[in-house]
Amino acid sequence: ETGEEEVHQILRSDGTNALRLMRPFITEAGCLKCHAHQGYQVGDVRGGLSVTVPMNVILAAAQQNNIKLGISFAGLWAFVAFGIVFSARRLSQDAQKRLIAEASLRDAQLFQQQVIASAQEGIIVLDRSFRYLVWNTYMEKITGITSAQVLGRHVWDVFPYLKQEELEPLLEKVLAEAVVLEYEGRFPKGR
């Protein structure tokens, strides 16, 4: 009757705690068909409904709910932790494999460089633009030109006379068909 929509309190009943909930019955238009003769108007409080529930029932339900939530959160936590550990282990293994592969590649490149450097044949490697990528020690010996003077430079810039010998179509064929070219020509000593 003081305008509150509900009132609740905890009572001590029969040696245990109990929750008491009380809500008012508010008169609505449909109620007046039967209760208008009692003097009620729409919005009046006609009475109330009170329910008392032992707290042990509520606490048991809350405890069960807390246990279910705890198990759910523990399961979720375990799942996430397992995912993190599994992913970290997988990343570590992948990183280890990559390091091994990189070391193998470095070893292979070093071996290749040593073989090319020690070969008793002139070996050159050109990129697709006819720029020198490799110029081995024997090429330095037979031409008198160091690798520092040719690496990264275009064939025709280093040896313009080779263009006159029509070497360009042969080099293009090598690139197009991936064939090996053996060329014997004379290099002017010291250029």
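Phe82 and Phe86 both sit in helix H2, which spans residues 55–118, and because they are 4 residues apart there, about one helical turn separates them. The model is a predicted one. In this model there are 4 aromatic pairs. Phe82 and Phe86 form a stacked pair, because their ring planes meet at 20°, with the ring centres 6.1 Å apart; the limit for stacking is an angle under 30 degrees. Phe82 is exposed, at 58% relative accessibility. Phe86, at 47%, counts as partly exposed.

A second pair has another geometry. The ring centres of Tyr132 and Trp135 lie 5.2 Å apart and the planes stand at 90°, so this pair is edge-to-face; the label applies to planes over 60 degrees apart. Are Tyr132 and Trp135 buried or exposed? Tyr132 is buried, with 4% relative accessible area, and Trp135 is buried as well, at 5%. The cut-off for a buried residue is under 20%. Ring pairs also bring in Phe159, so that Tyr132, Trp135 and Phe159 are linked into a cluster.

The largest nonpolar core is made of 13 residues. Tyr132, Trp135 and Phe159 are among the residues with the most contacts inside this core, and Val150, Val155, Trp156 and Leu162 are listed with them. Which elements each supply at least two residues of the core? They are strand S5, helix H5 (155–158) and helix H7 (167–177). H5 provides the largest share, 3 residues.

When neighbours within four places in sequence are set aside, Trp156 is in contact with Leu162, Lys163, Leu167, Glu168 and Leu171. Of these, Leu162 is itself listed with the residues that have the most contacts inside the largest nonpolar core.

The loop between strand S4 (124–126) and strand S5 (132–135) holds Phe130. The backbone of Phe130 has a phi near 65°, a positive value in a residue other than glycine. Phe130 is buried, with a relative accessible area of 8%.

Thr143 belongs to helix H3, which covers residues 137–143. At 0% relative accessibility, Thr143 is buried.

The last topic is the cysteines. How many disulfides does a search of the whole structure find? The search finds 0. A disulfide is a covalent bond joining the sulfur atoms of two cysteines. For Cys31, the closest cysteine sulfur is that of Cys34, and at 8.4 Å it is too far away for a bond; the cut-off is 2.5 Å. Cys34 is likewise in no disulfide, since its nearest cysteine sulfur is that of Cys31, 8.4 Å away.

Technical notes: Residues are numbered from 1 along each chain as its sequence is written. This is a predicted model: local features need pLDDT of at least 70, side-chain atom pairs count only at pLDDT 80 or more; totals for chains, interfaces and linings use all residues. Side-chain values use heavy atoms; hydrogens and water are left out. Rings of Phe, Tyr and Trp (its six-membered ring) pair if their centres lie within 6.5 Å; planes under 30 degrees apart count as stacked, over 60 as edge-to-face and the rest as tilted. Buried means under 20% relative accessible area, exposed over 50%, partly exposed in between (1.4 Å probe, protein chains only). A nonpolar core is a set of buried Ala, Val, Leu, Ile, Met, Phe, Trp, Tyr and Cys residues joined through side-chain atoms within 4.5 Å. Contact means heavy atoms within 4.5 Å.
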